Amino acid sequence: MAKYIPPHQSKFGQVFDVLVVLALTVGALYIPLWLKMAGATKTPAPIENPTWEALGQNPTMVERWQALGYPDPASANELITARFDYSFDWLALAAMVALVVGYFVMVVRFSDKEYREVINEKFGEKR
Amino acid sequence: MAVAEAAGAVPHTERVSLLRVLGPAHVWALGVGIVLVGEYMGWNFAVGKGGAYAALVACWMAGLLYTCVAMIDSEVTSTVAAAGGQYAQAKHIVGPLMAFNVGLFLVFAYTMLEAGNAITVGFLVDTVAKMAGHEGVDQRPFIVLSIMFLAWLNYRGVLATLTFSLVITAFAFVAILVLFFAVQPWSADSPLRHAELITKELPYGWLGVLAAMHFGLWFYLGVEGTTQAAEEVRSPSRALPYGTMASMMTLAIAATLTWYICAGLMPWEYLGQAGVPLFDAARLTGSTLLMWLLGIGTLFATLASANGCINDASRAWFSLGRDHYLPAWFGAVHPKYRTPYRSIIFLVPVAMLFALQVPLDQVITFSILSGLLGYTFMPINMIMFRKKWPLDTIKRGYVHPMHPLPALVLIALCGLTYFAVFLGYGTQLIAMMTFYIVVSLWFHFWRYRFVKRSDQFTMPWPRPNGY
């Protein structure tokens, strides 16, 4: 197999490629967070006129809350009542599975195509 | 691997390479140093996702996942001893696009972990300032300073950097042991009150146990980073498996002790969102000495971790540049310090952006997701490795037992963890997958044209079966 000679990449081209990777990083990872589109689904559900008993705290727990800087039930109300929402849509779950599996299938298949070129150039065409 | 290749992008006539100066203790320090911070912060978000017992189950399930990772990684790394670790493995076993992705997994897992460490330094300074009566301390200068200082250390040289890590990692580990003995779990006077504090065993039921696997990974995430230093280790086939396994054992002990102490000292609702749980545990003992010890331990653990992260992320980025997967400019080695200095400097602003702008749990989630994608690659890699080069075709420094069982267990546990991240952080999972899909298409259809084909295979191995 003839040895593949890559094209020369200019300095401008190199800088442009780095900017593309940076833009993808910031665009995909940072901007969704910045726009508050992503993040934990944990939300507090504070109760009215909270007492330690109403918040389900026993004397040992109360002693520890106070030692940690939460002197009264009102100050710990949000922390104690915050819960994750684990309800989910099966369709969304199926989409997530398809995304992860599809990604790996795509990467392995494209890699295999590239790998055959590498092996053929390194060891010669298989007879 | 011909390390002299590293000089390819250096504008000097002398060809330079990375120095082979590290022993098993440095490998242990690199593995534990990156991860030990996981005991000082972040693991406790698993308590928030499922309750105290769910976090313990997740801790052990994640321990099993990482044991599989260590077994698989030790075999492949003892054979593919090159800078970039899993990246070099992917290049030789699966192909260039997979290698490009693995390089990015490593860069983002470590850069986000570095950002998380810097956030914790800022949080610790703020907590201590509040205890001293100073409200409203600006955390940002401390975040910037810690990243800049460690980047400078890494710029100056790997031996000094990892020796620094060895010392501060040992201190942070001993601090956890001292706290355990100080709370005297065997004594009636112990402040540990598991029975009174864990009254709701599973607040979210068994779904919470699954969900806790998300942050359960944090107990060990990054231990596979030991392989990043493969080109700088004196005896890779001996030091890498030994150092990685020793790291896993150290971490399993530290993780269990940490859970036991913290779950017995504070309510799970507090523990599930605490910024510095071991420091809080020390506060609850009422001992000023322990507070100082665990405060310094937290600081040292975060610095050691960030230090290892800069080391690993920059080497992965350096390898991508050296192979022209990214512009070759990044593949340069410093002519005097012989470190990948351009990669070190380039990643500093990326770490700072996330450290200064994104909350800790979300930075940690990005790090975990990149790590998780890397762990999903490992069983694929292992199965292909044994298929393309059966045991009698090339000599391994270490052969892991019971193949393919560890690979299958690992892939099953990875599947569970994707579901765990989906519970509560599904949008971030989709954002990250979208990023990797788009960047893969960019590489395959554009960037790959600049890659020299046969240079991607440098091992003295025979032709792979089936090719």
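This short talk describes chain A of a predicted model and its contact with chain B.

Some conventions come before the structure. Residues are numbered from 1 along each chain as its sequence is written, chains are lettered from A in the order in which they are written, and side-chain values use heavy atoms, with hydrogens and water left out. As the model is a predicted one, local features need pLDDT of at least 70 and side-chain atom pairs count only at pLDDT 80 or more, whereas totals for chains, interfaces and linings use all residues.

I begin with chain A itself. Its mean pLDDT, the predictor's confidence in each residue from 0 to 100, is 90, and 94% of its residues reach 70 or more. Read from the N terminus, the order is α-β-α-α-β-α. The radius of gyration of chain A, taken over C-alpha atoms, is 28 Å, well over the 14 Å that the globule rule (2.2 Å times the number of residues to the power 0.38) gives for 127 residues, so the chain is more spread out than a compact globule. Along the principal axes, the C-alpha trace of chain A spans about 80 × 35 × 25 Å.

Next, the salt bridges, each defined as a side-chain nitrogen of Lys or Arg within 4 Å of a carboxyl oxygen of Asp or Glu. Over all chains the count is 11. One of them joins Lys3(A) to Glu121(A), with the closest N and O atoms 3.9 Å apart. Lys3(A) lies in the segment before α1 and Glu121(A) in helix α4 of chain A, so this pair ties together parts 118 residues apart in sequence.

I turn now to the interface. With contact meaning heavy atoms within 4.5 Å, 70 residues of chain A and 99 residues of chain B take part. The two chains bury about 7300 Å² between them, 72% of it on carbon and sulfur atoms; buried area is the accessible area (1.4 Å probe) lost on being put together, summed over both parts. Between chain A and chain B there are 2 salt bridges. In Arg447(B) and Asp17(A), which form a salt bridge, the closest N and O atoms are 2.5 Å apart. On the side of chain A that touches chain B, α4(A) gives the largest share, 24 residues.

Notes. Helix = DSSP H or I, 4+ residues; strand = E, 2+ residues; numbered from the N terminus.
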